[in-house]
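Please read it alongside the sequence and the coordinates.

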Amino acid sequence: MLKELDTKQLLEIAQLLPTKSECESCAPLSCKSWESMPSGFDAKLLNPIGTLRIEGAQESWDEHHPNGTNQWSANAPISATHYPYNRSDVYECKSCQRKFLRYTEYGGYYIDERIRELNPALITMM
């Protein structure tokens, strides 16, 4: 079971800088906004470090876009209590420690693993 993280812990994790500016392992994940996990990417190159899914919390599908962004915007705020972040896990690249958010989208006819780089400047303290 992954450690449950609150917004303060998420920000602390996000502020830890990668050990390399260029990383061959996670280079295919140039994802400033939510994207589908690239096919063929070896997810074992990422290490799970925590979750924003809080056991027993009331289910919420509300999104947080105070400045007219949307889920796909590169500058969309990261709010741990709003969708899809409240269904996300936090991962880091095993090689460089760059941080990512991941969640699984369950559509009517598909399952899509999505990933977004964790940018501390976008985290909202709500």
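Strand 2 and strand 3 run antiparallel and are joined by 5 bridges, with L46 standing opposite C93 in strand 3. The model is predicted. In this model, 5 strands make up an open sheet in the order 1-5-4-3-2, with antiparallel pairing.

**Sheet**

- The edge positions belong to strand 1 (35-36) and strand 2 (46-51), each of which pairs on one side only.
- Strand 1 pairs with strand 5 (residues 111-117) in the antiparallel sense over 2 bridges, and R114 in strand 5 is the bridge partner of S36.
- Strand 3 and strand 4 also run antiparallel, joined by 4 bridges; L101 in strand 4 is the bridge partner of V90.
- The hairpin of strand 3 and strand 4 has 5 residues between the strands, and Q97 takes a positive phi near 70° there.
- Strand 3 (residues 89-93) has 5 of its 5 residues buried, so the rest of the structure largely encloses it.
- In a regular strand, side chains alternate between the two faces of the sheet.
- From strand 3, D89, Y91 and C93 point one way, while V90 and E92 point the other way; all are buried.

**Overall fold**

- The protein chain contains 1 helix and 5 strands, which follow the pattern α-β-β-β-β-β along the sequence.
- The radius of gyration is 14 Å, close to the 14 Å given by the globule rule for 126 residues, so the protein chain is as compact as a globular protein of that length.
- Its C-alpha atoms fill a box of roughly 35 × 35 × 35 Å along the principal axes.
- Of the 126 residues, 44% count as buried.
- The protein chain exposes about 7400 Å², of which carbon and sulfur atoms supply 50%.
- Among contacts between residues at least 6 apart in sequence, 66% join residues at least 24 apart.

**Nonpolar cores**

- The largest nonpolar core comprises 16 residues, and those with the most contacts inside it are L10, L52, I78, V90, L101 and L118.
- Helix 1 (7-14) and strand 4 (99-106) each supply at least two residues of this core, and helix 1 gives the most, with 3 residues.
- Not counting residues up to four places away in sequence, V90 touches residues including L5, L10, I13, L52, F100, L101 and L118.
- A second, separate core of 12 residues includes C23, M37, F41 and I115.

**Salt bridges**

- Side chains of opposite charge can pair when their charged atoms come close.
- The structure holds 7 salt bridges.
- K99 forms one of them with E92, the closest N and O atoms being 3.3 Å apart.
- K99 counts as buried at 6% relative accessibility, and E92 counts as buried at 17%.
- R98 and E117 meet through their side chains in a salt bridge with an N to O distance of 3.7 Å.
- R98 lies in the loop between strand 3 and strand 4 and E117 lies in strand 5, so this pair ties together parts that are 19 residues apart in sequence.
- Both R98 and E117 are buried, and a network of salt bridges links K32, R98 and E117.
- R114 forms a salt bridge with E105, with the closest N and O atoms 3.5 Å apart; R114 and E105 are both buried.

Notes
Residues are numbered from 1 along each chain as its sequence is written. This is a predicted model: local features need pLDDT of at least 70, side-chain atom pairs count only at pLDDT 80 or more; totals for chains, interfaces and linings use all residues. Side-chain values use heavy atoms; hydrogens and water are left out. A nonpolar core is a set of buried Ala, Val, Leu, Ile, Met, Phe, Trp, Tyr and Cys residues joined through side-chain atoms within 4.5 Å. Buried means under 20% relative accessible area, exposed over 50%, partly exposed in between (1.4 Å probe, protein chains only). Contact means heavy atoms within 4.5 Å. Two strands pair if DSSP finds at least two bridges between them. The radius of gyration is taken over C-alpha atoms; the globule rule is 2.2 Å times the number of residues to the power 0.38. Accessible areas come from the Shrake-Rupley method with a 1.4 Å probe; for residues, only the protein chains shown count as cover. A salt bridge is a side-chain nitrogen of Lys or Arg within 4 Å of a carboxyl oxygen of Asp or Glu.
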